[in-house]
Amino acid sequence: MGNGPAPFSEIRKIVEDLFTKGYQYDKKISLSVPGLTLTFKEGKSNADTLTTVSTNLTVNEVLPHTKAELRFEIPDCSSGKLDVQYLHPRVAIGSSIGLNSSPLLDVAAAVGYKDLHLGGEVGFDTASNSFTKYTAGIGFFNLQENLSIALFLMDKGQTLKLSSALSITSKNLAFYEIAHRFSSSETSFNFGSAHIIDRYNKVKTKFSDTGKVAMVWQRELRPKSFVSVSAEYDTFRPKVFPKWGLSLALGL
């Protein structure tokens with residue numbers, strides 16, 4: 001986790017990315033250079049193509065241990081966000097505010113010592129003067145043993161989620177998450193695996209209690225450039241054609 005605790009959003013993403021990153025069920029091409037990403041994406045109909053330009057401007061050491069990042073997309077002028085992070089050997093504080101007339105405000109903080117991290121986040125909608133979220137969590141991340149365990153109280157205290165990832169070998173990783181919703185007394189689970197086939201190829205799989213099975217294959221074409229193919233099949237609805245997606249990311 002570096003020399004200090006990770007920002008709270010990254011603590012959540014450590015395991016969540018294993019279930020979400022790379023899985024996308026449309027056709028997309030991204031061209032990236034430092035600070036700028038141009039994305040061509042298939043629209044709702046096969047004849048439509050949506051083009052967005054994503055860019056960010058990062059300034060380090062605005063204040064000691066502090067960096068600021070401005071992010072926005074074109075043509076969506078209301079998508080602008082300003083992120084500010086304060087990273088200290090024992091504390092990480094982050095804030096994000098939308099750059100529009102009724103912005104969403106997120107504030108998160110985390111403290112950590114060695115492999116143990118504790119934090120929380122709050123979201124506030126200035127348009128409705130209401131809280132959109134509040135989350136608390138604790139995580140244990142041992143990089144030497146390749147073990148990650150995180151417990152979160154989410155959805156304004158309505159959901160308790162346990163996530164874990166463990167390296168079986170240097171090229172094989174297993175992970176799972178179990179969530180319990182107090183209001184409905186429902187428990188759900190997902191589990192998956194990630195495999196490094198060789199220097200250029202990686203494969204991930206995931207399974208859920210809803211009957212969905214998904215897989216993503218990624219090949220590195222050259223440094224910072226990848227092609228990915230992902231697919232999802234609903235075993236509870238065998239007559240529905242599987243979803244699939246293709247992504248090409250070219251970095252300079």
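Student: Which residues is K204 in contact with, leaving aside its neighbours within four places in sequence?
Tutor: In this predicted model, K204 is in contact with D17, L18, K21, Y23, S193, A194, A214, M215 and V216.

Student: What makes the approach of K204 to the backbone oxygen of K21 a polar contact?
Tutor: The side chain of K204 reaches that oxygen at 2.7 Å. The cut-off for a pair of N or O atoms is 3.5 Å, so the pair falls within it.

Student: How do you know that K204 has no salt bridge?
Tutor: The nearest side chain of opposite charge, D17, is 7.6 Å away.

Student: Where does K204 lie?
Tutor: K204 belongs to strand β14, which spans residues 201–208.

Student: Why are β14 and β15 called paired?
Tutor: Pairing requires at least two bridges, and these strands have 7, so they qualify. Their sense is antiparallel. Within this pair, K202 has Q218 of β15 as its bridge partner. The two strands form a hairpin with 3 residues between them, and G211 in the turn has a positive phi of about 90°.

Student: What makes β15 and β16 a pair as well?
Tutor: DSSP finds 10 bridges between them against the required two, so they pair, again in the antiparallel sense. R219 stands opposite V227 in β16. This hairpin has 2 residues between its strands, and K224 in the turn has a positive phi of about 75°.

Terms used:
Residues numbered from 1 in each chain as written. Predicted model: local features only at pLDDT ≥ 70, side-chain atom pairs only at ≥ 80, totals over all residues. Heavy atoms only, no water. Helix = DSSP H or I, 4+ residues; strand = E, 2+ residues; numbered from the N terminus. Buried < 20%, exposed > 50% of the residue type's maximum accessible area, 1.4 Å probe, protein only. Lys, Arg positive; Asp, Glu negative; His and termini not counted. Salt bridge = Lys/Arg side-chain N within 4 Å of Asp/Glu carboxyl O. Polar contact = N/O pair within 3.5 Å; in protein donor to acceptor, adjacent residues only side chain to side chain. Contact = heavy atoms within 4.5 Å.
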